[in-house]
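Subject: Structure handover

Dear colleague,

Here is the structure I said I would pass on. My notes follow below it.

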Amino acid sequence: MLDAIEAILGVPAPLLFGQLLLGLINGAFYAMLSLGLAVIFGLLNIINFTHGAQFMMGAFAAWMLLAWAGLGYWWALLLSPLIVGFSGIILEKLFISRLYKLDHLYGLLLTLGLGLIIEGVFRNEFGSSGLPYRIPAELSGAWDLGFMFMPIYRGWVVVAALFFCIATWLIIEKTRLGAYLRAATERAELVQAFGINVPRMITLTYGAGVALAAVAGVLAAPIYSVNPQMGSNLIIVVFAVVVIGGMGSILGSIITGFGLGIVEGLTKVYYPEASATVIFVIMAIVLLARPAGLFGRA
Amino acid sequence: MTMSRRSMLGAFAVTSIGSSLPHLARAQAGNTIRIGVMNDQSGTYKDNTGPGSVACARQAIEEFGAQGFNVELIAADHQNKPDVGVALARQWYDQGVDMILDIPTSSVGLAVQNVSREKNKVAINVGSATSDLTGAQCSPSAVHWAYDTYQLARTTGGATVAAGGDTWFFITADYAFGHALERDTGDFVKAAGGRILGAVRTPFPGTTDFAAFLTQAQASRAKVIGFANAGSDTINCVKQAAEFGITRRGTKLAALLMFITDVHSIGLETGQGLVCSETFYWDLNATTRAFTRRVLPKMPNLYPNMIHAGCYSATLHYLKTVKDMGVAAAKAAGGVEVVNRMKAMPTMDDAFGAGTIRPDGRKLHASYLLEVKKPSESKGPWDYYKVLGTTPAGEAFRPINQGGCALVRS
């Protein structure tokens, strides 16, 4: 059976299964980050280029909680999104809220600039080579799946990411709060006329989107180097994911996030040199064939 | 001796092109030697070069002391961009800088070396890896100080095979530096009787997840996985290899370019057992410890690595040479003459001990094969390495007739 698969696919089956699984794990990060972006774009019409820096801040907050306050991974998973989300709320109040009436481009430029400034401040403070952060004891170790050695922590990342993605989707699609949010996206002034404080809702939505990035940052801290550039490495790919999924589409960003992670994983087996570009090739094709994205409404 | 703090800050502020350094013009011209430290002050290589190199150069100037002439130190960020580096080098040399130091990132290092040759000024490269600096592109007014790709490949590759790691798989950053390191190391592995089972080229920059490549390396059943990459790529590879239990199952990891500053970032728990090479380790002997103790108050939260120590050693030897020639004579003679004198004088300092500079510009000293300690073996801050072996100065670097340097044939 396995030999037959190998004959068809040209690579040993265990290697292939391993890469599919690893792709799924990377996809979990793409999904979580693009979800936050989609939520923010859907409601605020802001292309949040600060997202990568906020992902990085999430990881750094986890490190600081451990190094300075002695609070471990599980506390970080709770507190880091609150801290970084709150910083996002301040950012929204001070800067981003002034741009809602202007073209998308202004929001993009502002958030890109803010992201660069945040990254620069962290680099100045903590250096460029990164800080160590260990896998929590409860999740260290690995399962031997036969075809590969699967670290327990990576499995946890997929589970946690799926949980946050589904929870966010349910809140937006199935609750009254979500209904207000979606209504405000369509006709803000009408929702306001019903007595709902739309500006506050927008601020909190931005905070929630940023908090999602911070959660992803905490999840990433034990795997990747906690360094100031960790966000900017990822953010461009994540934007491509959002564009492929359809700007502002919640479900689209989740499905494309996981899907593209798998595509990327397969590329690493068949043609590793192209693994950094394959997502952008897909983006170009999608933009030509379906400019609104796979799940977007034209 | 005056070191102008203001001029240093000024240089930091105007890292870009087209600015001028008026204070240099005002300073008395004849009796002042000006050293410009050019490196990465804000990017990926900031910790490996950056402010640490500046601090070590300043330490050398302080220890050299007042010898009848002034020494002025300035520093700037080349942002790892050859065009920025070239523009800055031209501007500095035109405004009276006598020697440019450090110059990491091979593409920038090669470009600035060409400018120094054209202007007949001194360039001492400490931070770049490529052995082309003293090979096909060697220059009579330049010296390559701390390490190079050949030495790294020889020390780590050759010694690891000798220790039983005779089958290799490479994870290689997909650009010139990675390819060169993979090729050089592969040659040594084969020469020592080892075999290369495979290699995977990872996109650079932009790869953060190496798990897929590591599992491919593991599937090859090689005894050693060689990382032909640098900086955060290497750090991520090491962390993820530990996560996937690769080292626990007996596979050795060889980081072909790694600094103690990277080990600090990885942490001993994750990095233990990793093998790499440096030409300087702060805890090698009494003199390296003494040097480190002296310079630490100036270092921004780091212990010196081989680049930092190289900046100290190079600055000291340069200043000794200038004193030997006399400031006025050194300035009048130009870069080639100063470098010739540097080559004629033996080097001696606390960081590298006694050494020499070859006609092709290669500074010679011993190279150390190092293994990262287990957490239980580490007794204090930055107690990170066990010295596994020493390659003597005469063998650590490429034989002079194999580099293709034109200075050697003539």
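A salt bridge here is a side-chain nitrogen of Lys or Arg within 4 Å of a carboxyl oxygen of Asp or Glu. By that rule, the count between domain 1 of chain B and domain 2 of chain B is zero salt bridges. Please keep in mind throughout that this is a predicted model.

Domains of chain B

The domain assignment divides chain B into domain 1 (5-147 + 285-361) and domain 2 (150-278 + 366-392). Between the C-alpha centres of domain 1 of chain B and domain 2 of chain B there are 29 Å. To their contact, domain 1 of chain B contributes 15 residues and domain 2 of chain B contributes 15 residues. About 1,200 Å² is buried between domain 1 of chain B and domain 2 of chain B, and carbon and sulfur atoms give 67% of that area.

Interface of chain A and chain B

Between the chains, 35 residues of chain A are in contact with 34 residues of chain B. The area buried between chain A and chain B is about 2,900 Å², with 52% from carbon and sulfur atoms. On the chain A side, Ser129(A), Phe149(A) and Lys268(A) lose the most area to chain B, and together they make up 20% of what that side buries.

How many salt bridges does the rule find across the interface of chain A and chain B? There are three salt bridges across it. One of them joins Asp209(B) to Lys268(A), with the closest N and O atoms 3.9 Å apart. That pair falls inside the cut-off, because the rule asks for a nitrogen within 4 Å of a carboxyl oxygen.

Asp209(B) sits in the loop between strand 7 (195-202) and helix 8 (211-219) of chain B. Asp209(B) has 3% relative accessibility and therefore counts as buried. Leaving out residues up to four places away in sequence, Asp209(B) touches Asn26(A), Arg154(A), Tyr224(A), Lys268(A) and Gln240(B).

Asn236(B) is placed in helix 9 (residues 231-243) of chain B. At 4% relative accessibility, Asn236(B) is also classed as buried. Neighbours within four places in sequence aside, Asn236(B) is in contact with Ile223(A), Tyr224(A) and Ser225(A) from chain A, and with Thr208(B) and Phe210(B) from chain B.

Cysteines

Over all chains, the structure holds one disulfide. The disulfide is formed by Cys138(B) and Cys405(B), whose sulfur atoms are 2.0 Å apart. The link of Cys138(B) and Cys405(B) is right-handed, with 85° about the S-S bond. Cys138(B) lies in the loop between strand 4 (122-125) and strand 5 (142-144) of chain B, and Cys405(B) in the loop between helix 16 (393-396) and helix 17 (406-409) of chain B, so the pair ties together parts that are 267 residues apart in sequence. Cys138(B) is buried at 4% relative accessibility, and Cys405(B) is buried at 2%.

Cys276(B) is buried, with 0% relative accessibility. For Cys311(B), the closest cysteine sulfur is in Cys56(B), and at 7.0 Å this too is too far for a bond. Cys311(B) is likewise buried at 0% relative accessibility.

Aromatic pairs

The count over all chains comes to 24 aromatic pairs. Among them, Phe280(B) and Phe352(B) form a tilted pair, 6.0 Å centre to centre with 45° between the planes. Phe280(B) lies in the loop between strand 10 (275-278) and helix 12 (286-295) of chain B and Phe352(B) in the loop between strand 11 (347-349) and strand 12 (353-357) of chain B, so the pair ties together parts 72 residues apart in sequence. Phe280(B) counts as buried at 1% relative accessibility, as does Phe352(B) at 10%.

The rings of Tyr281(B) and Trp282(B) have centres 6.0 Å apart and planes at 65°, so this pair is edge-to-face. Tyr281(B) and Trp282(B) are both buried. Ring pairs also link Tyr281(B) and Trp282(B) with Tyr303(B), Trp382(B), Tyr384(B) and Tyr385(B) into a cluster.

Regards

Definitions and conventions:
Residues numbered from 1 in each chain as written. Chains lettered and ligands numbered in written order. Predicted model: local features only at pLDDT ≥ 70, side-chain atom pairs only at ≥ 80, totals over all residues. Heavy atoms only, no water. Phe/Tyr/Trp six-rings, centres within 6.5 Å; stacked < 30°, edge-to-face > 60°. Helix = DSSP H or I, 4+ residues; strand = E, 2+ residues; numbered from the N terminus. Buried < 20%, exposed > 50% of the residue type's maximum accessible area, 1.4 Å probe, protein only. Disulfide = S-S within 2.5 Å. Domains from an automatic or database assignment. Contact = heavy atoms within 4.5 Å. Buried area = accessible area lost by both parts, 1.4 Å probe.
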